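These are my notebook entries on a protein model that I opened today.

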Amino acid sequence: MPEAFSLVQVLGGLAIGVFSGAVGGLLGVSPGGALVPALALMPGLGQHEAQAVSLAAQLVPTGFAGFLRYRVSGHGASWRTVAWISFGFLAGAWLGARGASHVADAMLRWMFVGYLLLLATLVVLKSPARADDGAELAQEPRGTAAALAFVGVVAGASSGLLGIGGGLAITALLTVALRYPQHRAQAASLAVNALPLALPAVFVYASVMNGLPWVLLGCVVLGLWIGTAAGARLATRLDERALRKYFFVLVICMALLMACRALGAAG
């Protein structure tokens with residue numbers, strides 16, 4: 001991996017970090033869903049390299065500021081939820097990264113597209129909360145330990161395989177399968193992604209690639225710190241229906257961007 005980057009690439013890494021952090025803070029997802037497609041467009045970075053930088057950047061707890069913003073606003077997730085999801089995430093991340101090392105760049109791009117479209121479908125199928133559900137949804141549901149750990153395994157596997165952090169899967173599965181309110185699901189996602197749970201996956205990527213592009217990585221991390229706090233501040237001022245709509249739009253846009261990248265590479 002090259003260590004030296006031009007000024008344009010350094011500024012590009014910073015801009016990508018700010019944008020991805022803002023998206024993560026606003027929608028309560030790990031920034032990898034925006035990081036991977038954007039990094040994959042940078043000259044000299046293939047799909048595996050983009051995923052490695054995305055995962056390594058997310059080891060730094062850039063999402064913690066966003067989680068605190070949700071908690072102060074009354075939308076925090078319980079530590080029980082975070083702990084069980086994190087437990088499953090560790091195992092899933094290692095398995096996903098091992099699988100990615102045996103998959104070609106082109107196949108990874110299309111797998112990324114399919115994953116995003118699946119999440120978009122889950123969001124569409126989720127029924128909006130009714131007015132008489134307000135009392136129930138005001139409190140965080142208590143999913144079983146096994147269910148929460150399974151959410152973590154799925155999120156971790158998608159993280160290691162596709163380099164996206166797993167926050168999209170956590171938010172979608174908590175709201176659709178376990179009926180968590182949107183704000184609380186997003187808070188749980190940010191809390192899990194503030195922990196260095198993708199470290200096993202990063203070790204796998206780094207060993208295969210013989211190192212990481214540290215200059216680009218540093219710029220992305222700096223941008224993530226700035227963007228995440230700003231996005232979370234905005235999210236706490238929006239209602240749940242608006243957040244779900246923005247979540248859906250983000251997923252579709254990222255899927256289209258990655259599909260264009262895959263088609264361009266194939267051509």
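The model is a predicted one, in which local features need pLDDT of at least 70 and side-chain atom pairs count only at pLDDT 80 or more, while totals for chains, interfaces and linings use all residues. Residues are numbered from 1 along each chain as its sequence is written, and side-chain values use heavy atoms, with hydrogens and water left out.

Entry on the fold. I found 13 helices and 0 strands in the protein, so that I took the burial figures next, with buried meaning under 20% relative accessible area, exposed over 50%, and partly exposed in between (1.4 Å probe, protein chains only). Of the 267 residues, 55% count as buried. I then looked at contacts, meaning heavy atoms within 4.5 Å: among those between residues at least 6 apart in sequence, 86% join residues at least 24 apart.

Accessible areas come from the Shrake-Rupley method with a 1.4 Å probe, and for residues only the protein chains shown count as cover. The protein exposes about 11000 Å², of which carbon and sulfur atoms supply 72%.

Entry on the nonpolar patch. Val18, Leu222, Trp225 and Ile226 make a nonpolar surface patch of about 360 Å². Val18 counts as partly exposed because its relative accessibility is 32%.

Entry on His48. I located His48 in helix H3 (residues 47-57), and it is buried because its relative accessible area is 18%. Leaving aside residues up to four places away in sequence, His48 touches Ala100, Val103, Ala104, Asp105, Leu108, Tyr205 and Met209.

Entry on helix H9. Why do I call helix H9 (residues 167-176) largely enclosed by the rest of the structure? I do so because 9 of its 10 residues are buried, among them Gly167, Leu168 and Thr175.

Entry on cysteines. I noted 0 disulfides, a disulfide being a pair of cysteine sulfur atoms within 2.5 Å. Cys219 counts as buried at 13% relative accessibility, and Cys253 is partly exposed at 40%.

Technical notes
Helices (H or I, at least four residues) and strands (E, at least two) are DSSP runs, numbered from the N terminus. Patches are made of residues with over 30% relative accessible area and no salt bridge: like charges are joined within 9 Å, nonpolar side chains (Val, Leu, Ile, Met, Phe, Trp, Tyr) within 5 Å. A salt bridge is a side-chain nitrogen of Lys or Arg within 4 Å of a carboxyl oxygen of Asp or Glu.
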